Structure formats: C-alpha cells, structure tokens
Number of protein chains: 2
Amino acid sequence: MTRILDRSPSKSAEKRQALVDIGTAIFTQKGFGATGLDEIVQAADVPKGSFYYYFESKDVFAHAVIRNYAAYFARKLDRSLDDRTRTPLTRLKAFAHDATEGVLRFEFKRGCLVGNLGQEMASLEEAFRILLLEVLDTWRERFRLCIHEAQAAGEILTTVDAAELARFFWSAWEGAVLCAKLERSRVPLDNVSRLFFDHMLVPAPVDRSC
Amino acid sequence: MTRILDRSPSKSAEKRQALVDIGTAIFTQKGFGATGLDEIVQAADVPKGSFYYYFESKDVFAHAVIRNYAAYFARKLDRSLDDRTRTPLTRLKAFAHDATEGVLRFEFKRGCLVGNLGQEMASLEEAFRILLLEVLDTWRERFRLCIHEAQAAGEILTTVDAAELARFFWSAWEGAVLCAKLERSRVPLDNVSRLFFDHMLVPAPVDRSC
C-alpha cells in the first residue's frame, strides 16, 4: 500500500523533482563525471533501484538536470531583463547583480552548470554538447536583444555588434564564476560587471541640461 | 637486472615525466574527479603498484601535473610577452594568437587545466585551490606588466588600471576556452581577442604624419 502511495502521480513527480534538484546542487559543485549515482540517491533518500523508475540512465538524468537548470536560469533572466520599468542597460546590470548574489548565496561552492559540464565535454556524449550549447545560446540571445535595445535608445555608445558583445559578456561571465570559486571572492564578478558595463558598453553621458 | 635498469635515475625520471604528461592530457580533457588512476597507469603502460613508487597519492600526482602545466604555460607566455622586438600590445595579441592555435591543435578537446580543475573546486582539497590560484595570479601579473607597458608607451588609450584589465582578460579567456570546447569552434576565442584588444584596451590611433 505504501508502495502504491509512494508512486502516486504527485508523489512520484515530487520525488523525481527532488532527484533533479539534488543533481543540480551536486553537478554545479563537482561536475558530472566525478559524481556517482550512489551519492545522488543517498542525498535524495531513494533506493538505487528506484532511481531507474524515474530515469533510465545517468545521462538521461543529467539531461533533466540541465533542462531544470535552464528553466531556473530563464526565470532569473526574465526577472531582470523583462523589467520594463528600467532602462535596458540598468536591466543588464540588474542581472549581473542578481547572478553575483546567487554565487555568494552558495558561498562560492556552486558554479554554473553549463561551465561545469562544458569543461568535461571531451568525455561526455554529443547530446550533452548540443543541449548545453542550446542553453548558452539562449542566454546570449537574451543579452543581445537587451544590448541592441540599449544601442537603439542611445543609452550606450559602442557601435560593436550586439551579438558580439553578448558573446563576449558570456565568456567573461563564465570565466568570472570560475575565478570566483577559485578565489572564494566576488572580486572577479565585480571586475567583469564594472569593466563590461562601464567601459565596454560605453554608457552615453547623462544629459543634465533638462 | 631489467628491474634495476628500469629504475635507474634517468629511466625513473623519464617514466615519472611520462605519467605527468599523460595526467596533463587527461585532466585537461575531463578533469580530476572523473579520471581514475587505472586510466592513467594504463595510458602510461605502468603497473598500478609502480605508480606509488613515483607519487604517494593521486593528489600528489595532480599537484605535479599542475606544476608541469604551469611551467609549460610560463614558457608559452615567455615566447610572446618577452619578445622585445614587438610593441607591448602586439606581444599581448601574439599570446592570444598562440594560445588559440594551441586550442585548435587539440581539436577543442583539451581545455585549460586551471579552468578544468577550478570547476571542481568544491570537491578538491584546499591545497589545490591555493596552487591553482597561484598559477592564475602569475598569468594575470604577466599580463598586468605588459598592459601597463602599453599604457606607459601611449600605445593604448584606456586609463583603466592594468591589474583590472589583466584580471578581466583572464576571466574572459578562461570562459572563451570553455565556450570553444562547447562550440568546437575558434569563434569564442577570436571574439575575446578582438573585443578585448581592439575595444577594451582602446589602441591609440597610429600617427601617419611621420
């Protein structure tokens, strides 16, 4: 009876989500290859055999974790970049501020899932590469649109193509998250925010005449 | 007799170096946690028991690999940044060009050892963090000196502190190496080179009057 109750649709969905959440926490700390299934099922308090009721393999599980992380990150981007009460440049800065707080909240232990798994690319299946790249492309596209808006509004002066700038930001940001973990400090994140937003995007001087 | 010959000082040093070279190749592809000792001794054609003749543990081995990588990278930096026949900005660009060629040579399979192991920070001993950060700090310092020289010579116009610019470059570069692995493309590396050297450092206009 307990067994049937445990596998009721809502309980089952809850357990599945608990596994995915634990996978997200562990993979962002130590990556995919170094994480054993034992560690995940123990943390989720699920018998190892039951794991295969939810996911047919560790790879399928990791794909669910990546999709879950992408959905979480999309909400983070929405919060900052869709806030029409702010100017485009302020929205971009708000994202960096929010993302920095996220890194601090986990005391520099968790990195970016795309960064962690991306480093292991040589030993992961091609399907991982395609999925991770798809996620990264979404982030770049969100930034490109907002940078383009800032350019069109004359809020920033740089004439460098918005797609190039968005790509540049995400390389720098991924690297800064890595350096922040290594230094256990927010300095690398603040450095990228300051130099990218204040020097690379070249904010237009504020017109104080009106 | 063969046994004695195999452990002669030069043979022994050779075997030790072979293990370190193989460790460098594997760790830059898939990191530390996901790599088993078996894989390393097999690739080096060394019996597992003999591994402990050379290194007392996998951690001690990994430290030797990091030091070996740091020495290799120092030579790479020397080649570009110590070439006094070139201007400081041209030397910095030469490094990025050389490093890009390195990533291409390994067909985007190998990343940066500091980047790979840095991502695993949460599950590595504190001694790793200190050593990796020491290596990264050396790279930043080499760049700081050369950027400062370019500023002092009036070759670049930006007044942003050279240490800040060097820190930014290394975040962006580490991120670009990751993205290059993910995209299997040099585009992220070229993007960082172009935007950092041509826009962030703001090269002074060439005086064509003389």
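I began with the salt bridges between chain A and chain B and found a count of 8, taking as a salt bridge a side-chain nitrogen of Lys or Arg within 4 Å of a carboxyl oxygen of Asp or Glu. One of the pairs I looked up joins A:Arg167 to B:Glu183, with 2.9 Å between the closest N and O atoms.

I note that this is a predicted model, in which local features need pLDDT of at least 70 and side-chain atom pairs count only at pLDDT 80 or more, while totals for chains, interfaces and linings use all residues. Residues are numbered from 1 along each chain as its sequence is written, and side-chain values use heavy atoms, with hydrogens and water left out.

Next I looked up the extent of the interface: 45 residues of chain A are in contact with 45 residues of chain B, contact meaning heavy atoms within 4.5 Å. The area buried between the two chains is about 4000 Å², with 64% given by carbon and sulfur atoms; buried area is the accessible area (1.4 Å probe) that two parts lose on being put together, summed over both. On the chain A side, A:Gln119, A:Phe168 and A:Leu182 lose the most area to chain B, together 19% of what that side buries.

Last, I checked how the copies are related. Chain A can be laid on chain B with an RMSD of 0.0 Å by a turn of 180 degrees and a shift of 0.0 Å along the axis, the superposition being by least squares on the C-alpha atoms of residues with pLDDT of at least 70 in both. The two copies are therefore related as by a two-fold rotation axis.

Notes
Chains lettered and ligands numbered in written order.
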